[in-house]
Every structure is written in structure tokens, then in C-alpha cells.
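Subject: Structure handover

Hello,

Here is the structure I promised to pass on. Please open it alongside this note; my findings follow below.

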Amino acid sequence: KCAYFYDVFCFWAGKNLDKLSRSLAETIKQMRFHKNLVMMSTTLPFLRLILRMVGEKVIPQHNSLTSVFGENHEEEDIADKIPSAMMTKHLIECYEAFIFR
């Protein structure tokens, strides 16, 4: 969880986006290894926005995120069920609309 908060705060503080995108990708890789579904679903929107800001290819939404129990979930379902994930998703959508208008 510490890596997630570090990456998010670095984003809002204006850290170099290239370094931040690599750090977020590494954080997501660790979350995928530990099958931390909630944190991964809140981190992916940040990564998509940063990749779009840098001008790189944006990763699509994941259709199968595996939980600790071995269950597969769609990213969109997680964002709809968990308030923090939904808030992050909508905050990123608003911020992205503001930047790219």
C-alpha cells in the first residue's frame, strides 16, 4: 500500500511522469503478484492517465483481475462495488476531461 500512496502523491506533486509511469507499472506488478484487487483497481486509472499524458499507448481495461481467492473479476465491476475505487475512477475521469479539453 505504501507504494500506491507514494505514486499517487508523486502524481499530484508533479513528479517526472516518465519515472512515475515506470514506478506505477512496478507497483501494479507487485499488486498483481499479491492479488490485491482493490488497490490494483484504484491504481490502473492513474496509470492510464499518466500514459496518456506522456503520449504512450494506453492500456485497456482489464476483464479478468484475479483475487486472493482465485476468483476472476472485471475491473469495471470492482470500481462499481467499492466506493474508493469508484471515487478514484471518477476523479481521474474529471481530471482527464479538464486536461484534454
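First, a term for the surface. A patch is built from residues with over 30% relative accessible area and no salt bridge, joining like charges within 9 Å and nonpolar side chains (Val, Leu, Ile, Met, Phe, Trp, Tyr) within 5 Å. A salt bridge here is a side-chain nitrogen of Lys or Arg within 4 Å of a carboxyl oxygen of Asp or Glu. Accessible areas come from the Shrake-Rupley method with a 1.4 Å probe, and for residues only the protein chains shown count as cover.

Two notes on the source. This is a predicted model, in which local features need pLDDT of at least 70 and side-chain atom pairs count only at pLDDT 80 or more, while totals for chains, interfaces and linings use all residues. Residues are numbered from 1 along each chain as its sequence is written, and side-chain values use heavy atoms, with hydrogens and water left out.

**Surface**

Phe98, Ile99 and Phe100 make a nonpolar surface patch of about 270 Å². Phe100 sits in the segment after helix H5 (83–99). The accessible surface of the chain comes to about 6400 Å². Carbon and sulfur atoms hold 59% of that surface.

**Overall build**

The chain has five helices and two strands. These are DSSP runs, numbered from the N terminus: helices are H or I with at least four residues, strands E with at least two. The order from the N terminus is α-α-α-β-β-α-α. Of the 101 residues, 34% are buried. A contact means heavy atoms within 4.5 Å. Among contacts with a separation of 6 or more, 53% join residues 24 or more positions apart.

**Core**

A nonpolar core is a set of buried Ala, Val, Leu, Ile, Met, Phe, Trp, Tyr and Cys residues joined through side-chain atoms within 4.5 Å. The largest one has 19 residues, and Tyr4, Phe11, Met40 and Phe46 touch the most other members. Helix H1 (2–13), helix H2 (17–34) and H3 each supply at least two residues of this core. H3 gives the largest share, nine residues. Leaving out residues up to four places away in sequence, Phe46 touches Tyr4, Val8, Phe11, Trp12, Leu24, Thr88 and Ile92.

Leu47 lies in helix H3 (residues 37–54). Leu47 is buried, at 7% relative accessible area. Beyond four places in sequence, Leu47 touches Ser21, Leu24, Ala25, Ile28 and Ile59. Ile28 is 19 residues away along the chain, with 9.0 Å between the C-alpha atoms.

Thr43 is also in helix H3. Thr43 is buried, at 0% relative accessible area. The Thr43 side chain reaches the backbone oxygen of Met39 at 2.7 Å. Thr43 touches Tyr4, Leu24, Ile28 and Met31, again not counting residues up to four places away.

Best wishes

Conventions: Buried < 20%, exposed > 50% of the residue type's maximum accessible area, 1.4 Å probe, protein only. Polar contact = N/O pair within 3.5 Å; in protein donor to acceptor, adjacent residues only side chain to side chain.
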